[in-house]
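Me: I would like to go through this model and ask what stands behind each label. Please give the value and the criterion each time.

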Amino acid sequence: MPLAYSIRNIFQETRELGVSRSIARVAWEFKVRSGALALRGAPQAVGNWNITPGDLPFGDPEAVRASMVGRVAPDRIPDLRAKAMAAVRGRIHCFGRREADFGDPPDWHVQPFSGKHWPLVHWSRVLRQAEMADDVKLTWEIGRFPHAYYLARAAAFEPELAPQLAASLLGQVRDFRAGNPFGKGVHWTSSQEVSIRLWAWLFAASAFAALGCPVPDLARDVFEGAVHVARHMEYAQHAVYNNHLLSEALCLYIAGTLLPDAPEASRWRALGSSILTEQARSQVYPDGGYIQNSHNYHRFAMQVYLLARMFAVQRGSVPGEWLAAMERSLDFLWGHQNPGDGRLPNYGANDGALPLVLTTCDHGDFRSTLQALSLATRNERLYPPGPWDEEAAWLLGSECLEAPLKPAERVSISFSHSGYHVLRGLHAGTLAAFRCGNVLDRFSQIDMLHLDVWWRGHNVLVDPGTYLYNGPEIWHRHFSRTESHNTVQVDGWDQMLPYRKFKCLHWTKARLLRFQDSSDWAICEGEHYGYQRHPGRCIHRRTVLFVKDEFWVVVDRVTGFGNHRIRLHWLGGDFPYRQGLDGQASLELQTPDGPFHVGIFDAAGRRLQGDVIAGRSEPPRGWLSRYYAEKVPVPSLAVEVSERLPLIFVSILGPHIPSFSVSGSLWSVALDDRTVAFDLSLDGTFQFRHLTA
């Protein structure tokens with residue numbers, strides 16, 4: 001890489017991150033690489049503390065079991081029991097999806113799918129020996145103890161299993177302590193991992209103690225965890241000020257609450273509370289969007305605040321900023337949700353993180369956390385009784401499930417500050433989610449003007465997801481960058497410059513031009529300027545016309561100077577499919593409710609040539625990852641044209657490709673028993689004319 005190019009990128013990174021954060025990051029790297037962090041040993045406890053079950057404000061397991069009768073489907077309890085019994089044997093249900101065998105007793109340092117091991121050295125040196133193992137998250141998952149929730153909840157629903165499951169947990173906690181002494185090994189490399197592990201242990205200890213079973217004394221673990229977090233919190237404060245910082249703040253807040261006689265207890269509690277309050281204002285945007293541009297991490301953050309609220313209620317009051325951030329988030333996430341299965345678009349980084357595993361619902365179903373948020377902030381239920389009530393019962397008390405049912409209306413809505421816009425149809429499961437707004441922080445995929453489409457409850461045009469963070473670079477690059485999203489790419493460039501694994505430079509600037517909603521149609525239009533730093537100074541503008549309740553017309557215009565290679569991409573959902581004949585740019589998805597078509601045309605109405613590829617590895621194309629470390633082949637439709645600008649693509653999406661006529665710039669499209677007319681012009685304007693029966 002040329003020196004001048006590297007220097008420019010360093011200056012750009014400093015400008016975007018800020019001078020103080022850049023200096024703090026450099027200082028942190030120096031401490032890690034110099035070995036200075038390894039000089040501090042394990043803390044010496046100066047008291048004989050104890051955490052009693054009464055200190056833990058989780059719901060009573062018997063009350064939870066009673067409240068969930070009739071709400072959890074009969075087949076879900078045996079499945080919960082099976083996950084718990086597998087965990088006894090070291091087979092852990094990871095990322096809410098797949099089982100991994102860590103052995104019996106568990107091998108805490110193994111990457112379960114490759115068999116490689118992380119070394120038992122000081123935490124600051126472990127990840128620098130990355131060639132010894134693969135994706136660290138695959139090992140971290142057992143260290144988070146997600147199975148503690150399966151063990152404790154299975155015991156709550158089937159109390160006769162409690163002694164066996166409690167004994168298993170107690171044995172695994174003791175074994176983990178022995179195999180992971182303070183500050184050594186991969187499970188101490190991230191303070192967030194320490195925090196998540198402690199929450200799992202505290203929850204399980206609370207449930208098993210209430211069921212009359214022996215539980216580990218966790219006072220020493222909480223103390224050491226808080227010491228570790230407090231020593232190294234500067235990294236999260238200055239470099240990863242996202243869910244990591246929230247997790248660490250909550251760890252300190254809980255430790256200060258549970259160990260009031262510890263020397264640092266009051267400072268921990270005050271610091272944790274103040275950070276949670278400050279971050280509630282900065283991480284949750286005014287319109288409810290989240291700093292990481294990820295629905296999965298947004299849910300993670302809300303579980304942090306739900307848990308913090310639970311301990312704050314025990315102390316007497318909940319900061320208003322926490323509740324306000326929770327309520328803003330509730331409206332934002334609800335606005336994007338498909339009601340049939342509780343899913344949201346697969347936006348942003350999705351590593352399967354779910355710190356509180358308190359539901360039998362699928363990992364992608366957000367109803368559990370949204371129900372808990374609604375009850376915590378409004379004392380109202382969004383959903384009728386169902387398995388999604390369990391999370392609220394554990395965190396708020398089962399009596400909360402008697403609150404009135406008041407589902408919010410699902411309407412088209414624009415979250416203009418964070419740059420997310422949703423066009424809703426008459427059918428609750430028909431919607432389009434459009435990404436258009438300035439990238440406000442470094443936590444983002446490179447996906448501006450991406451469009452997700454749900455038709456009759458089916459996610460027919462999808463965001464590809466994440467797959468792996470630390471696997472082969474070719475896969476990380478593919479899933480995070482522009483080429484795999486439903487948007488336009490110019491000359492093979494990305495809209496932002498991928499600079500580090502979790503950082504981009506030249507944050508995309510974008511502008512929403514129009515958002516209109518009526519009873520029969522809706523329009524959302526915007527443009528972004530991510531390609532203006534390249535030759536030609538290209539601008540991509542996208543107009544989405546939604547003719548309710550079945551059709552979308554998407555017009556993409558690229559303006560600029562000179563000849564350019566323009567690529568339009570649509571990624572289909574996980575359905576059987578057919579592609580157009582003779583290289584035509586069309587795709588037909590066979591959904592359970594019938595076919596859904598995508599066709600791509602030029603400005604004169606001529607069908608373009610394109611290709612459909614699913615599941616290609618070299619180079620990657622046509623993949624969907626809804627669960628971490630899992631990908632499935634799906635159809636990828638792409639059109640690529642090299643022409644002098646301006647250039648227009650017209651995509652028509654719906655149950656069939658309708659007939660249409662084009663006269664100059666005027667389009668007339670026959671949609672079943674209606675006709676929609678609009679005007680395209682090369683100067684970039686889209687004029688909606690009329691919709692007639």
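Me: Which residues lie nearest the centre of the largest cavity, and how many line it?
Reply: The largest cavity is lined by 13 residues, and Leu344, Asn346, Asn350, Gly364 and Phe366 lie nearest its centre. This is a predicted model, in which local features need pLDDT of at least 70 and side-chain atom pairs count only at pLDDT 80 or more, while totals for chains, interfaces and linings use all residues. Residues are numbered from 1 along each chain as its sequence is written, and side-chain values use heavy atoms, with hydrogens and water left out.

Me: What makes a space a cavity, and what makes it a pocket?
Reply: On a 1 Å grid over the protein atoms alone, a cavity is a set of points where a 1.4 Å probe fits but cannot get out; a pocket is an open set with protein on both sides within 12 Å along at least five of seven lines, and lining residues have an atom within 4 Å of a point. The whole structure holds 5 cavities of 30 Å³ or more. About 140 Å³ lies in the largest cavity, where a volume is the space filled by probe spheres set on grid points joined across faces, edges and corners.

Me: Which helix gives the most to the lining of the largest cavity, and how does that lining divide?
Reply: Helix α13 (residues 295-315) gives the most, with 3 residues. The lining divides into 4 nonpolar, 6 polar and 3 charged residues. Ala, Val, Leu, Ile, Met, Phe, Trp, Tyr, Cys and Pro count as nonpolar, Asp, Glu, Lys and Arg as charged, and the others, Gly among them, as polar.

Me: What lines the second largest pocket?
Reply: The second largest pocket, of about 460 Å³, is lined by 34 residues, with His93, Gly96, Tyr150, Val357 and Cys361 nearest its centre. The elements giving two or more residues are α4 (76-88), α6 (137-143), α7 (146-157), α13 and α15 (367-378). The division is 11 nonpolar, 9 polar and 14 charged.

Me: Why is Thr139 called buried?
Reply: Buried means under 20% relative accessible area, exposed over 50%, and partly exposed in between (1.4 Å probe, protein chains only). Thr139 has 0% relative accessibility, so Thr139 counts as buried. Thr139 is in helix α6; helices (H or I, at least four residues) and strands (E, at least two) are DSSP runs, numbered from the N terminus. Contact means heavy atoms within 4.5 Å; leaving aside neighbours within four places in sequence, Thr139 is in contact with residues including Trp108, Trp118 and His187.

Me: How do you know that β3 and β4 pair?
Reply: Two strands pair if DSSP finds at least two bridges between them. β3 and β4 (residues 420-424) have 3 bridges in the antiparallel sense, so they meet that criterion. Ile413 stands opposite Val422 in β4. The open sheet has the order β3-β4-β5-β6-β7.

Me: What makes β3 and β7 edge strands?
Reply: β3 (413-415) and β7 (458-461) each pair on one side only. The twist averages 20 degrees from one strand to the next. Helix α14 (residues 320-336) lies across β3, β4 and β5 (431-435), at about 50 degrees to β4; axes are lines fitted to C-alpha atoms, for helices over the stretch in contact, and angles run from 0 to 180 degrees between N-to-C directions.

Me: How many bridges join β15 to β24?
Reply: 9 bridges join β15 (residues 563-571) to β24 (residues 635-644), running antiparallel.
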